[in-house]
Amino acid sequence: MNQDMDSSFLEEFDHEAQHIEYEQALQKIKELEAYVDALAKHSLSLEKKLLVAEENDEVSAPIACPMCIALFYENGYGLSEEQVVKETVTPKGDLFTAVLKLPEDAAYLRLDPGDDPCVIRNLIIDPPLEMSAENGIALDSGIMVFDVSDPNIGLKREGGFHAGEKITLSFEYERLFQDQQNSLIGMLATDCQAESRELHALQQELGAICTSKSWKITHPIRTLKRLLQHRA
């Protein structure tokens, strides 16, 4: 009798594990689909801008030196030009470094590295913060691409920031011009293809779960469970 109970428990545990695995795979697929779609749209946008640049016969220019790095801060009332720390930095090669001190407490920071479309590589911030390319796209390789003027990088940390805190940052900067956009489009296309392959693999894995014998057998149990949860 105990063996039967143990066997039943293990089967139920296995079915529940498969259900969790299915939900996780489904969520991952949704995230990848959104990411691949964003990459494809961004690549198309760059191609269109490249065509316009070629028609206008735009010429590449060196990085403007020095560059103004701005760190905006806000404490729940939105960003403004009054709440910003700026430092003019001369790069060493393509590497920019700066130390910015916050004059007030803040809930959110926004880093503006210059005013031109650019590629940001190897962005290192001390203390470590959560980073996001607010008006660009972040690739898995740690590269941020901004094809708009005034690139914005959002910086967050649980608990916010304190007055007098120093934010140390360094990054490699490459200004975007016509002769650099072809290689950028190729890089985005490669990344998009890699994500598409991962998406395809997950879709196959999800299909294998859904067509498995155990998944079909446990369908009534999952249906009953959803009904009970809905009533609760």
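**Figure 1. The largest nonpolar core of the predicted model.** In this predicted model, the largest nonpolar core is made up of 28 residues, and those with the most contacts inside this core are Ile69, Leu109 and Phe171. The elements that give two or more residues to this core are strand 1 (67–74), strand 2 (84–89), strand 3 (95–101), strand 4 (108–113), strand 5, strand 8, strand 9 and strand 10 (166–175). In soluble globular proteins, nonpolar side chains tend to be buried together.

Figure 2. When residues up to four places away in sequence are not counted, Leu109 touches Leu71, Phe72 and Tyr73, together with Leu102, Ile153, Gly154, Leu155, Phe161 and Ile167.

**Figure 3. Strand 10 and its pairing with strand 3 and strand 5.** Strand 10 pairs with strand 3 in the antiparallel sense, and seven bridges hold the record of this pairing. Within the view, Val99 stands opposite Thr168, a residue of strand 10. Strand 5 is also joined to strand 10 by seven bridges, and these two strands run antiparallel. Here Asp126 is the residue that stands opposite Thr168 in strand 10.

Figure 4. Pro127 has its place in the loop between strand 5 (118–126) and strand 6 (130–133), whereas Asp126 stands opposite Thr168 in strand 10.

Figure 5. Because its relative accessibility is 48%, Asn122 counts as partly exposed. Asp150, also a residue other than glycine, has a positive phi near 60°, and Asp150 lies in the loop between strand 8 (144–146) and strand 9 (153–156). With a relative accessibility of 30%, Asp150 therefore counts as partly exposed.

**Figure 6. The chain as a whole, for orientation.** The chain has four helices and 10 strands, and from the N terminus on its elements run α-β-β-β-β-β-β-β-β-β-β-α-α-α. Of the 232 residues in the chain, 36% are buried. Among contacts between residues at least 6 apart in sequence, 75% join residues that are at least 24 apart. The chain exposes about 14,100 Å², and carbon and sulfur atoms supply 54% of this area.

Technical notes: Residues numbered from 1 in each chain as written. Predicted model: local features only at pLDDT ≥ 70, side-chain atom pairs only at ≥ 80, totals over all residues. Heavy atoms only, no water. Buried < 20%, exposed > 50% of the residue type's maximum accessible area, 1.4 Å probe, protein only. Core = buried A, V, L, I, M, F, W, Y, C linked by side-chain atoms within 4.5 Å. Contact = heavy atoms within 4.5 Å. Areas by Shrake-Rupley, 256 points an atom, 1.4 Å probe, with all protein chains shown as cover. Pairing = 2+ DSSP bridges.
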